[in-house]
Amino acid sequence: MSNPPLFRDPWAKREAWRKHPVFTNRAMFSSMFPGLGIALVAFTTYVVVDNFYSKAQPGAQQKH
C-alpha cells in the first residue's frame, strides 16, 4: 500500500494553469507577432514578382 506524501501542496490545483502548454516560452514567442509569417511570405512574393516583371519590360525601369 502506498502512503500519500506527508506534505502535500494545498495550492497545487490552483497553480496547475502555469504548467499548461499555452504558457510555454515557445507559445508566447509565436503569439508575439501573429501575422509576421504571412507578411514575410507576401512581401517576398511581391518583391520577386516585381523584379521579374521589371526585368521583362526594359522600358519600365525608373530613372533616378
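1. Phe52 is exposed, with a relative accessible area of 57%, where exposed stands for over 50%, buried for under 20% and partly exposed for what lies in between (1.4 Å probe, protein chains only). This is a predicted model, in which local features need pLDDT of at least 70 and side-chain atom pairs count only at pLDDT 80 or more, while totals for chains, interfaces and linings use all residues. Residues are numbered from 1 along each chain as its sequence is written, and side-chain values use heavy atoms, with hydrogens and water left out.

2. The structure holds 1 aromatic pair. Phe52 and Tyr53 form this pair, which is edge-to-face, with 5.6 Å from centre to centre and 65° between the planes. Rings of Phe, Tyr and Trp (its six-membered ring) are paired if their centres lie within 6.5 Å, and planes under 30 degrees apart count as stacked, over 60 as edge-to-face and the rest as tilted.

3. As to the overall fold, the protein has 3 helices and 0 strands, and its elements run α-α-α from the N terminus on. Helices (H or I, at least four residues) and strands (E, at least two) are DSSP runs, numbered from the N terminus.

4. Of the 64 residues of the protein, 0% count as buried. The accessible surface comes to about 7000 Å², and 64% of this belongs to carbon and sulfur atoms; such areas come from the Shrake-Rupley method with a 1.4 Å probe, and for residues only the protein chains shown count as cover.

5. Ala27 has its place in helix H2 (residues 25-30) and is partly exposed, with a relative accessible area of 24%. Leaving aside neighbours within four places in sequence, Ala27 is in contact (heavy atoms within 4.5 Å) with Pro21 and Val22.

6. Leu36 belongs to helix H3 (residues 36-56) and is partly exposed, at a relative accessible area of 45%. Together with Phe29, Met32, Phe33 and Leu40, Leu36 forms a nonpolar patch on the surface, whose accessible area is about 550 Å². Patches are made of residues with over 30% relative accessible area and no salt bridge, like charges being joined within 9 Å and nonpolar side chains (Val, Leu, Ile, Met, Phe, Trp, Tyr) within 5 Å.

7. A search of the whole structure finds 1 salt bridge, a term for a side-chain nitrogen of Lys or Arg within 4 Å of a carboxyl oxygen of Asp or Glu. The side chains of Glu15 and Arg18 meet in a salt bridge at 2.5 Å, N to O, and Glu15 is partly exposed, with a relative accessible area of 34%.
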